[in-house]
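The sequence and structure come first, followed by the points to look at.

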Amino acid sequence: MLSVKIVEIKRKKGVSNDKEDKDSDSTDNENNGSTPKHKGRVIFDATACPQDIAYPTDLNLVSEAREVSERLIDRLYAPVLHQKKPRTYRQVARKRYLQTAQKKNKSKKVIRKAMKAQLDYLRRNIKSIHRLLDAYPDKLPLNKKELKYLYVIQTLYQQQLTMFEKKTHTIEDRIVSIHQPHIRPIVRGKSQAKVEFGSKIHVSIIDGVSFLDELSWDAFNEGSHLESYIEQYRKRSGYYPEEVLADQIYCTRANRKMLKEKGIRLLAKPLGRPSAVSIHVSPGERNPIEGKFGQAKTGYGLNRIKARLRQTSESWIASIFLVLNLVKLAG
């Protein structure tokens, strides 16, 4: 792994500061020769990587799916195989959509009425598409991209219909972009953006170098994955960290017990009433990882991933952290 090689080069060049060198010279904690020694400090945190998409509203998504279904009908219709081209009412449907979408203030009643109309148009078009497909017994005339759109709009219709009937706005594996169906909403709880749409990553900083521990398009609780991150540290370096610096979401009783069993010191606020001998963490201790996220989002575009494909977006994110590590090595 390139990040591991960067850490090795960095240590050989003597870039590590005195604190990190002190951590690397920690004593060997062995238990009958089977427990590996503990070295260094690791900082854990997670963040979201928003994709460059329009803010997804239910009405806009259903209207866009309807337009895609109209293009698929145009693509599938063949006068030789079909007697009559299915009606789509595209001009009427577009006009009814704009009547609601262009309103400055929209009540829930108006939005639900517009949603019902767009869902009906979309349902009619999907049925027409299946009737047109039945006339092709041997090979479908759709390419891979068009088949993908067909599956996406059908799934989107089922999701939106379920949410419409239940009068809710949440559903499992919710599609928020027709062109990028792998994107999921990530609830962040921040004042500026309570929900971000993209992937979620977990990063650990070791000796000033960033490691991308996990990248997922589904929201996850990083606190429940702490043990796997610790094992990744051991796999990279050959030993457990001596200290773990993490925020409150990692500091569950189960994680505290796990770290204690492995002989790892957790630098966090202790449970219960603080004692005089408890470990105190200064407010700036976690600045390296927060600064790394700020540098990646402000300077290298981590806050607006413009790649469209899933694999390309993942490569985009990984490349950003590779560049960050190279900049750290060069500095």
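Gln 180 lies in the loop between helix 6 (144–166) and strand 2 (184–187), with helices (H or I, at least four residues) and strands (E, at least two) taken as DSSP runs numbered from the N terminus. The model is predicted: local features need pLDDT of at least 70, side-chain atom pairs count only at pLDDT 80 or more, and totals for chains, interfaces and linings use all residues. Residues are numbered from 1 along each chain as its sequence is written, and side-chain values use heavy atoms, leaving out hydrogens and water.

**Gln 180**
- Gln 180 has a relative accessible area of 4%, so it is buried (under 20%; exposed is over 50%, partly exposed in between; 1.4 Å probe, protein chains only).
- Leaving aside residues up to four places away in sequence, Gln 180 touches Gln 51, Asp 52, Ile 53, Ala 307 and Arg 308 (contact means heavy atoms within 4.5 Å).

**Salt bridges**
- The whole structure holds 19 salt bridges (a side-chain nitrogen of Lys or Arg within 4 Å of a carboxyl oxygen of Asp or Glu).
- Arg 41 pairs with Glu 243 in a salt bridge, with the closest N and O atoms 2.9 Å apart.
- That pair links distant parts of the chain, from strand 1 (residues 41–50) to strand 5 (residues 243–245), 202 residues apart.
- Both Arg 41 and Glu 243 are buried.

**Glu 222**
- Glu 222 sits in the loop between strand 4 (209–216) and helix 7 (226–237).
- Because its relative accessibility is 8%, Glu 222 counts as buried.
- Lys 200 forms a salt bridge with Glu 222, the closest N and O atoms being 2.9 Å apart.
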